[in-house]
Amino acid sequence: MGALPEKQGKTLPDAWDYKGRPAERSETGGWTAAAMILGGEAMERLTTLGIAVNLVTYLTATMHLGNANSANTVTNFLGTSFMLCLLGGFIADTFLGRYLTIAIFAIVQATGVTILTISTVIPSLRPPKCTADSVGQYCIPATGTQLGVLYTALYLTALGTGGLKSSVSGFGSDQFDDSDKEERLQMTNFFNWFFFFISIGSLGAVTVLVYIEDNLGREWGYGICACAIVIGLVVFLSGTRRYRFKKLVGSPLTQIAAVFVAAWRKRDLELPSDSSLLFNVDDIQGEGPWKKKPRLPHTKQFRFLDKAAIKDVDPEIMGSGVTVVNRWYLSTLIDVEEVKLVIKMLPIWATTIMFWTVYAQMTTFSVSQATTMDRRIGSFLIPAASLTVFFVGSILLTVPIYDRLIVPIARKLLKNPQGLTPLQRIGVGLVLSIFAMVAAALTELKRLELQNPTI
């Protein structure tokens, strides 16, 4: 009697369960684990955008700050949350791992939102309402203490948001095995659903939450935000037994810094004319993650970085191979080429700075402009911040139009399987943002004219 066929790939070689055992393919990861992550992300987006999109009206109407100062505060809040993604990613890749990073920073975000909610409940933490006299309205601006509590809440929230953003999508992709054809397809679908859940959270924020904040009070709106992030954390933690965990691989920021430091330390050495004489992964004995890196062709750009791979050690030792490498003194040629690729991408990233400047207007001056509009539909008054729904809705509408209509046409016209190349798409987006800002500038001129007829 023949032996029963043994199921292949029962455990994953590069993933572990919550107890540190090799992850069982059938018992960990997959859509069950991904669903917990997606639910947590939807709650995070609802919380962050529920605060940010209507924050400028709170700062002007309740805290009595000027429009420009309020817009600057909102921009700083959002910018800080995005910049702190670098810190969150570094901590996750180097020290804590993505799971712990998400859990800890979710608690930080919940703390910030709770403080913000408390500041809307306690009268002494906000200035008194404006009073009217024969001259006009008299408003007492917020005191330093009141602003201190507000900024503490906002930047704790930004810190939590940054830590979450840096790890959620990556931890979600960890739940699928890239070496398995079926799970690789599921991973692609995960990112589609990830974007969908972000959009759902955003829609809830700019419609339901904004309406509650404007009609029932900020304490109710921000209180719901606090509850939402706590619920998101509970949902995320409930999937612990199903998650797949990966080993720490180190931060790309560390690799970039190590290459620059190694090149600087050997700046006085002369580069060999033959790149094969430079240090590479083949010179390292044993197996490791460096062996799995794709081989990149050597380029002659930024050659000063090649000095990081100069073999400045005993030739006899190098001939027999090395087992331990001080990455701050000696980098592999593959590491050097990867850093060069990052440098080449910097000009492309720089072009998006102005785009994100445009994007920031969505939650600042666009909301201020909406306050001067006639937003009534019958007896129903649309909250000013809810007009942001057109931005979110246009994304959900144009993505399928681009995928189903524009891409097929572009394929035929440009003879490109992708339709438009990534650079072409970036260029089109930047051009469209120019027209958007022209419209926003004309609208702002009209708003200022209505606010101050002497202008």
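Trainee: Which residue forms a salt bridge with aspartate 178?
Mentor: Arginine 184 does, and the closest N and O atoms of the two are 3.8 Å apart. A salt bridge here is a side-chain nitrogen of Lys or Arg within 4 Å of a carboxyl oxygen of Asp or Glu. Before going on: this is a predicted model, where local features need pLDDT of at least 70, side-chain atom pairs count only at pLDDT 80 or more, and totals for chains, interfaces and linings use all residues. Residues are numbered from 1 along each chain as its sequence is written, and side-chain values use heavy atoms, with hydrogens and water left out.

Trainee: Which residues are in the salt-bridge network with them?
Mentor: The network links Arg25, Asp177, Glu183 and Arg244.

Trainee: How many salt bridges are there in the whole structure?
Mentor: A search finds 12. One of them joins arginine 218 and glutamate 213, at 3.8 Å from N to O. Both of these residues are buried.

Trainee: Different topic. How many helices and strands are in the chain?
Mentor: 14 helices and 6 strands. The C-alpha trace spans about 90 × 65 × 55 Å along its principal axes, and buried residues make up 40% of the 455 residues.

Trainee: How do strands S1 and S2 pair?
Mentor: In the antiparallel sense, over 2 bridges, with S1 at residues 11-16 and S2 at residues 22-24. Two strands pair if DSSP finds at least two bridges between them. Tryptophan 16 has proline 22 in S2 as its bridge partner. The hairpin has 5 residues between the strands, and glycine 20 takes a positive phi near 85° there.

Trainee: Which residue has a positive phi although it is not a glycine?
Mentor: Histidine 64 is one, at about 60°. Histidine 64 sits in the loop between helix H2 (55-61) and helix H3 (67-96), and it is buried, with a relative accessible area of 13%. Lysine 415 also has a positive phi, about 55°, without being a glycine. Lysine 415 is exposed, at 71%.

Trainee: Back to H3. Where does H3 bend?
Mentor: At cysteine 85, by about 25°. The bend at a residue is the angle between axes fitted to the seven residues ending there and the seven starting there. H3 has 30 residues and reaches 40 Å from first C-alpha to last, close to the 44 Å expected. The expected span is 1.5 Å times one less than the number of residues. Glycine 97 follows H3 and has a positive phi near 85°.

Trainee: How far apart in space are glycine 162 and phenylalanine 82?
Mentor: 5.8 Å, C-alpha to C-alpha, though they are 80 residues apart in sequence. Glycine 162 lies in helix H5 (residues 144-165) and is buried, with a relative accessible area of 0%.

Trainee: Last one. Where is isoleucine 401?
Mentor: In helix H13 (residues 389-414). Isoleucine 401 counts as partly exposed, at 37% relative accessibility.

Technical notes:
Helix = DSSP H or I, 4+ residues; strand = E, 2+ residues; numbered from the N terminus. Buried < 20%, exposed > 50% of the residue type's maximum accessible area, 1.4 Å probe, protein only.
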